Amino acid sequence: MASSLPSMFVVILSLLLVFFSGGSRAQLSTTYYSKTCPNVLTKVKYAVQSAISKEKRAGAALLHLHFHDCFVNGCDGSVLLDDTSSFTGEKNANPNKDSDRGFDVVDDIKTEVEKACPGVVSCADILAIAARDSVTILGGCSWNVKLGRRDATTGSQSAADNGIPPPTSSLSTLISVFSNVGLMIALSVSHTIGQAKCTNFRERIFNETNIDSSFAITRKNNCPSSSGDDNLASLDVETPTTFDNNYFKNLINKKGLLHSDQVLFDGGSTDSQVRTYCDNPSTFNADFAAAMIKMGDISPLTGSNGEIRKNCRKDN
């Protein structure tokens, strides 16, 4: 996931807070595969651990893919589909086109799961489990993943391009987007793992004033005004490969890498929440876990809808 995080949802960590005003509409269960594929959690965790041991950015890529899957027409595995002659999918949309590591890791996980339980576990569920395992393995919290999603048979590049805000988004835009998918938020996004391309933060480091001067100078060294578009910088300057709450400390110190990061602490309605998560990591972890569960409930395909793909890159 080299360009990893062309958008604010990246792998982030995003922290959606609070919940739906009503109960979950998803027909999902934490014990969904207890009889049909009892070893699925072990299989996925082992594969995620193996991928992260080879490349820590793999964890950010997997979290990124789960977010971008759920925020475009629901958690249905559509982000994993390759383009075909009949449709242009989400894989080459701007927020997803550089996530090769994530796609390859999902392929590896699917292969292992298929060996154990052919035709049983959906790609959408694999993404949900892998996102949780990535966070936990990188030092973050854990949660019980609800399962039972089925896979979409088509995707939409335009939906992905239009549905995921860019890193230049304002606070009002972020709040609106989360509200549009049924989530009330206290804080829209927190990037504690992963990296971003120079093109996504150049405008901020050269032209914005709510930025620490030494931080801006350091970033300019690797992101000049007219070159180095693909050069990378960590979203969390303190602990770039650990899932923790240092991201919020960075915001308070005006060291948010993306514009859409720093707007969360810039004299607006989310400042107090940033301070809360900075001072209380346990509160942050609890809210993040709850938000991930709620996000996983966004418009899943269940029952007779969709299918269980044998290959996550194409329909059956």
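The protein chain holds 12 helices and two strands. The model is a predicted one. Read from the N terminus, the elements run α-α-α-α-α-α-β-α-α-β-α-α-α-α. The chain has 316 residues, and 56% of them are buried. Take the contacts with a separation of 6 or more. Of these, 78% join residues 24 or more positions apart.

Start with helix H4. This helix covers residues 123-137. In H4, 13 of the 15 residues are buried, so the helix is largely enclosed by the rest of the structure. Beyond H4 comes glycine 139. The phi of this glycine is positive, near 100°.

One partner of H4 is helix H1, residues 40-54. Two packed helices are described by the angle between their axes and the distance between the axes. For H1 and H4, the axes come within 9 Å and cross at roughly 55°. The crossing of the two helices is right-handed.

Now look at the residues that meet. From H1 come Val40, Leu41, Val44, Lys45, Val48, Gln49 and Ile52. From H4 come Ile126, Ile129, Ala130, Arg132, Asp133, Ser134 and Ile137. By class, this contact has nine nonpolar, two polar and three charged residues. The spacing of the numbers can be read against helix geometry. An α-helix has 3.6 residues a turn, so residues three or four places apart point the same way. On the H1 side, Val40, Val44 and Val48 are among the residues in the contact. On the H4 side, Ile126, Ile129 and Asp133 are among them.

Move on to helix H5, residues 157-163. Glutamine 157 lies in this helix. Is glutamine 157 buried or partly exposed? Its relative accessibility is 23%, so glutamine 157 counts as partly exposed; buried would mean under 20%. Which residues does glutamine 157 touch, leaving out those up to four places away in sequence? They are Thr88, Gly89, Glu90, Asn92 and Ala93. Valine 72 gives another reference point. Along the chain, valine 72 and glutamine 157 are 85 residues apart. Their C-alpha atoms are separated by 9.5 Å.

Key:
Residues numbered from 1 in each chain as written. Predicted model: local features only at pLDDT ≥ 70, side-chain atom pairs only at ≥ 80, totals over all residues. Heavy atoms only, no water. Helix = DSSP H or I, 4+ residues; strand = E, 2+ residues; numbered from the N terminus. Expected span 1.5 Å × (residues − 1). Buried < 20%, exposed > 50% of the residue type's maximum accessible area, 1.4 Å probe, protein only. Contact = heavy atoms within 4.5 Å. Axes fitted to C-alpha atoms, helices over the stretch in contact; angles between N-to-C directions. Left-handed = near helix turned anticlockwise from the far one by under 90°. Nonpolar A, V, L, I, M, F, W, Y, C, P; charged D, E, K, R; others polar.
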